[in-house]
Amino acid sequence: MKELTAQQIEKYDRLKKSLADMGSVAVAFSGGVDSTFLLKTAHDVLHDHCIAVTAVSCSFPERERKEAQEFCKTEGIRQLICESEELNIDGFSQNPPNRCYICKKELFGKMKALAEKEGIACVAEGSNIDDEGDYRPGLQAVKELGIQSPLRAAGLYKEDIRALSRTFGLPTWDKPSFACLSSRFVYGETITREKLHMVDAAEQLLLDLGCHQVRVRIHGSLARIEVLPEEFPLVLEEKNRSRIIEAMRDLGFAYVTMDLIGYRTGSMNKTLPVK
């Protein structure tokens, strides 16, 4: 196992101190790499003064919800469920460029109210330093609502978080990155429950075939598949290719394409004007 660097240990100590200073915290917990590491550290530091709050909606796959619940059960962490149906939020389904801001403003507002009801001093979310390098309108809502971002404050990058997670035996240390299913829609395309289901089922198909990091971006009736370049042959293998085409058409896609660049975060942001 690769040893941690002195800098990573220093960042981890900085994180623990900031969490201790909070006194009590509700961690926005999705079950992903970042929020799992944050929740585990916060619980180690604050014990019963730390709770997990998981938002559930049609843009959050059932497999992710189950993994989040299983982790909390295994670690003995109290978990609360926050119902957050984004499609009911004014302006969200129209999918404007600030969609993430609209969602996070509503979601973290609910989490703050829930934390106050439980007598918890702070709400924390799991963004890291790498998130500052892309278009992340949701971080504006974080700032406006006074939500804490301990991982960013400690100077932690995704690479640091994975290394620390591996050292501490967290099952998510090598988990593929995930974002809500609404991020698969080109800006301006209406988000519906039916299309969210199409994307979820399409991505589950690719995962079942053995792909590790996948996105199925939706452009009207066209599905644009993003996988890691080294997994192109897996997708293009004749039997898999035929299965993918048939399944995608059954889901409602008229056209199926594979992105030759491969998987990358925020690819829909390429359609936004450069500032």
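Biologist: At roughly what angle do the axes of H1 and H7 (residues 158–167) cross?

Modeller: This is a predicted model, in which local features need pLDDT of at least 70, side-chain atom pairs count only at pLDDT 80 or more, and totals for chains, interfaces and linings use all residues. Residues are numbered from 1 along each chain as its sequence is written, and side-chain values use heavy atoms, with hydrogens and water left out. The axes, lines fitted to C-alpha atoms over the stretch in contact, with angles from 0 to 180 degrees between N-to-C directions, come within 11 Å, and H1 and H7 cross at roughly 85°.

Biologist: Which residues of H7 make the contact with H1?

Modeller: Contact here means heavy atoms within 4.5 Å. From H1 come Gln-8, Lys-11 and Tyr-12, and they meet, on H7, Glu-159, Asp-160, Ala-163 and Leu-164.

Biologist: Which residue of E2 is the bridge partner of Val-27?

Modeller: Strand E1 (residues 25–28) runs parallel to E2, and four bridges join them, where pairing requires at least two DSSP bridges. In E2, the partner of Val-27 is Ala-52.

Biologist: How many of the seven residues of E2 (residues 50–56) are buried?

Modeller: Buried means under 20% relative accessible area, with a 1.4 Å probe and protein chains only. Cys-50, Ala-52, Thr-54 and Val-56 point one way and Ile-51, Val-53 and Ala-55 the other, and the number buried in E2 is seven of seven.

Definitions and conventions:
Helix = DSSP H or I, 4+ residues; strand = E, 2+ residues; numbered from the N terminus. Buried < 20%, exposed > 50% of the residue type's maximum accessible area, 1.4 Å probe, protein only.
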